[in-house]
Amino acid sequence: MELIRNYPTSLSISYFGAQGRFADEIIKIVMQNDTTASRYIDLTAGGMGVPYNLARNWKIPVTVNDLSFYSYICGIAVFEHMARFADYDDRLFRDIYSAVIPKEGFLTSKAGGKSITERYGNWSISVRKFVDALAEEAKSHEILLAALGRTLLNEGTFRGLTWCGTSPDKKKLADITVEEFWNKVMRNTAYFAILSEGIDASVKKNCQAYRSHASEFVKKYNEFEDAIVYMDPAWPWLPEFADASNPYNVVAHDIPEILLQNPMVMEPLWTRENPEEILNNLEFWISQPLLKGARRVIVSSQSTNYPPINEVDFFLKSKFNAQEVVMSTQFSGQAKSKMFTENWWVIKQ
Ligand SMILES: C[S@@+](CC[C@H](N)C(=O)[O-])C[C@H]1O[C@@H](n2cnc3c(N)ncnc32)[C@H](O)[C@@H]1O
């Protein structure tokens, strides 16, 4: 079965805020032509485009960590899965499809909510029941679970930011049939299998995916020696760009709830009200890896974020040997019609 005509070479799980689109530029800043690092560790990996590029093209083992179960399960699907694309044939998909007996579960319980956000999209009851049954069926099949998450995200949200009433190809979500939805899941399953197969098995066997708070991760993890550590945290936005609501709600909360079929209390994320927590976390996330032998730690932010860049710069330079290597307008995009910059700090022992 020809599931995917153009074989993807870079990872896109359509994650909100993904940096994979300029992975090559980031890699120049991060790697600095250093091919001997033991591994690349991303503390807040999100959409994982940069780690994927490194594992695939630089053949360097990567460790991805994120609070979001959706990011984590996609990480397992890509970096820890040894299945081959060829294993995903018609018969396998037919067997899975016939094992799914639609039933009421978490997504079905959300039907009839007042707003699209409360309803988690405008899906029909039959698609909701199918999704709930498939989430159970896929519990022990990570690629399938990741594919289900990617399908919900791609079809039912606007760029992972908010739930919608229509899909990107302008079809009303309520009119999408179970069969159409399943076809998308199959494609996404194949998508992850192809991407995973793109990483050399010898590299992949040393790749790791974790789901933890970065503070817990840096405390417990013990493979920082000679590693390069990266973080692009979930900074709050400056007041002029957004209200205080959290842009990671759909990817870090709603999609995981559907996949896990469980209501979830979300870990509190950084807020503008608590800059001390942000700077304390930052210091800990940098100092622990350095203490445990990391070669360098890279922090990423944008000029749309809070605390403002000059304050982060002042803080990092007062605490560490930090160099702001790039403050480029080259990658500037539009945020609410205002230009913004991408900023990185490279911190060494
Ligand atoms: C800006 S996004 C990272 C995007 C990523 N660089 C990419 O290219 O897709 C920030 C990520 O931090 C995660 N996050 C927020 N708080 C966290 C924490 N305390 N520990 C670990 N991850 C966290 C969010 O779930 C989100 O995926």
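Which residues does Phe192 touch, not counting residues up to four places away in sequence? In this predicted model, the contacts of Phe192 are Ala77, Val78, Ile143, Ala146 and Ala147. Phe192 also belongs to the largest nonpolar core, which has 96 residues. Among these, Phe192 is one of the residues that touch the most other members, together with Ile73, Val78, Leu148, Val229, Leu259 and Val299. In soluble globular proteins, nonpolar side chains tend to be buried together.

Two of the contacts of Phe192, Ala77 and Val78, are buried residues of helix 3. This helix spans residues 69-80 and is mostly covered, with 11 of its 12 residues buried. The buried positions include Phe69, Tyr70 and Ile73, as well as Ser71, Cys74 and Gly75.

Helix 3 packs with helix 12, formed by residues 249-260, at an angle of about 65°, and the two axes lie 7 Å apart. Angles of 65 to 115 degrees count as roughly perpendicular, and helix 3 and helix 12 are therefore roughly perpendicular to each other. On the side of helix 3, the contact involves Phe69, Tyr70 and Ile73; on the side of helix 12, Val251, Ile255, Pro256, Leu259 and Leu260 take part. By class, this contact comprises 8 nonpolar residues, with no polar and no charged ones.

The ligand has 22 residues around it, of which Gln19, Thr44, Gly46, Gly47 and Asp232 come nearest. The shell around the ligand consists of 10 nonpolar, 10 polar and 2 charged residues.

How values were computed. Residues are numbered from 1 along each chain as its sequence is written. This is a predicted model: local features need pLDDT of at least 70, side-chain atom pairs count only at pLDDT 80 or more; totals for chains, interfaces and linings use all residues. A residue is near a molecule or strand if its C-beta atom, placed from the backbone, lies within 6 Å of it. Ala, Val, Leu, Ile, Met, Phe, Trp, Tyr, Cys and Pro count as nonpolar, Asp, Glu, Lys and Arg as charged, and the others, Gly among them, as polar. A residue is buried if 20 or more other C-beta atoms lie within 10 Å of its own, exposed if 12 or fewer, and partly exposed in between; C-beta atoms are placed from the backbone. Helices (H or I, at least four residues) and strands (E, at least two) are DSSP runs, numbered from the N terminus. A nonpolar core is a set of buried Ala, Val, Leu, Ile, Met, Phe, Trp, Tyr and Cys residues joined through C-beta atoms within 7 Å. Two residues are in contact if their C-beta atoms, placed from the backbone, lie within 7 Å. Axes are lines fitted to C-alpha atoms, for helices over the stretch in contact, and angles run from 0 to 180 degrees between N-to-C directions. Angles under 35 degrees count as roughly parallel, over 145 as roughly antiparallel, 65 to 115 as roughly perpendicular and the rest as oblique.
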